[in-house]
Amino acid sequence: MDIHISQVKTATGQQRRTRSVWEYKGTARYGKQHTTMALTNEQQAVASQWTSLAPHVAENDHLVQLNNTLKTSTYVTGSEIADVDSTLFKAVFPLSQEWVSNVENVAKYRHILRWIDLLQNTVEG
């Protein structure tokens with residue numbers, strides 16, 4: 001799966017370059033280091049739940065729930081990246097473009113925005 005990102009605007013309106021392609025096929029890529037993750041049963045359940053909710057993440061309180069999940073976790077399933085991060089990134093990134101112009105939304109979804117920034121700046125294709 002590929003995620004293509006060319007540029008995003010920061011809250012100050014400046015443009016900054018981001019990763020152009022993120023390829024993820026079960027292996028997290030941090031620079032030149034490659035690590036394969038095996039999820040625990042609990043992490044698999046969390047990943048399955050969020051994968052199912054990804055197409056509907058903008059509905060109901062799913063964004064609030066995702067923000068709360070990311071409040072205590074680096075990635076959706078904990079401290080290691082998983083496929084669900086890619087799936088949710090694709091669903092949430094377009095929504096986040098609208099948040100950066102509204103201070104209330106930046107505060108409301110700050111953990112999601114941190115997670116998006118982390119993925120854009122640390123995961124390389």
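**Exercise 1. Work out which residues of helix 1 are buried and how they sit around the axis.**

Step 1: Buried means under 20% relative accessible area, exposed over 50%, and partly exposed in between, with a 1.4 Å probe and protein chains only. Helices are DSSP runs of H or I with at least four residues, strands are runs of E with at least two, and both are numbered from the N terminus.

Step 2: apply them. In helix 1, Ala47, Trp50 and Leu53 are buried. They share one side of helix 1, because they cover an arc of only 130 degrees around the axis; the arc is that of the directions from the helix axis to the C-beta atoms.

Step 3: look for the cover. Helix 2 and helix 3 are among what covers the buried residues of helix 1.

Step 4: check the helix length. Helix 1 has 13 residues and reaches 18 Å from first to last C-alpha, close to the 18 Å expected at 1.5 Å a residue. That expected span is 1.5 Å times one less than the number of residues.

A word on the model: it is predicted, so local features need pLDDT of at least 70 and side-chain atom pairs count only at pLDDT 80 or more, while totals for chains, interfaces and linings use all residues. Residues are numbered from 1 along each chain as its sequence is written, and side-chain values use heavy atoms, leaving out hydrogens and water.

**Exercise 2. Find what Trp50 touches, not counting residues up to four places away in sequence.**

Step 1: Trp50 lies in helix 1, and it counts as buried because its relative accessibility is 3%.

Step 2: list the contacts, meaning heavy atoms within 4.5 Å. Trp50 touches His62, Gln65, Leu66, Thr69, Val76, Val84 and Leu88, residues up to four places away in sequence aside.

**Exercise 3. Describe the largest nonpolar core and say which element gives the most to it.**

Step 1: define it. A nonpolar core is a set of buried Ala, Val, Leu, Ile, Met, Phe, Trp, Tyr and Cys residues joined through side-chain atoms within 4.5 Å.

Step 2: The largest one has 25 residues, and Leu66, Val76, Leu88, Val92, Ile112 and Trp115 have the most contacts inside it. Helix 1, helix 2, helix 3 and helix 5 (110-122) each give two or more residues to this core. Helix 3 gives the most, with 6 residues.

Step 3: In soluble globular proteins, nonpolar side chains tend to be buried together.

**Exercise 4. Sort out the stacked aromatic pairs formed by Phe89 with Phe93 and by Trp99 with Tyr109.**

Step 1: Rings of Phe, Tyr and Trp (its six-membered ring) pair if their centres lie within 6.5 Å; planes under 30 degrees apart count as stacked, over 60 as edge-to-face and the rest as tilted.

Step 2: go through the pairs. The structure holds 3 aromatic pairs. Phe89 and Phe93 are stacked, at 5.2 Å centre to centre with 15 degrees between the planes. They are about one helical turn apart, because they are 4 residues apart in helix 3. Both Phe89 and Phe93 are buried.

Trp99 and Tyr109 are stacked too, at 4.2 Å centre to centre and 25 degrees between the planes. This pair links distant parts of the chain: Trp99 is in helix 3, and Tyr109, 10 residues apart from it, is in the loop between helix 4 (103-108) and helix 5. Trp99 and Tyr109 are both buried.

Step 3: look for a cluster. Phe89, Phe93 and Trp115 form one.

**Exercise 5. Is His111 buried or exposed, and what about Asn60?**

Step 1: take His111. It lies in helix 5 and is buried, because its relative accessible area is 15%. Leaving aside neighbours within four places in sequence, His111 is in contact with Asn67, Leu70 and Lys71.

Step 2: take Asn60. Asn60 sits in the loop between helix 1 (41-53) and helix 2 (62-71), and it is exposed because its relative accessible area is 68%. Its phi is near 50 degrees, a positive value in a residue other than glycine.
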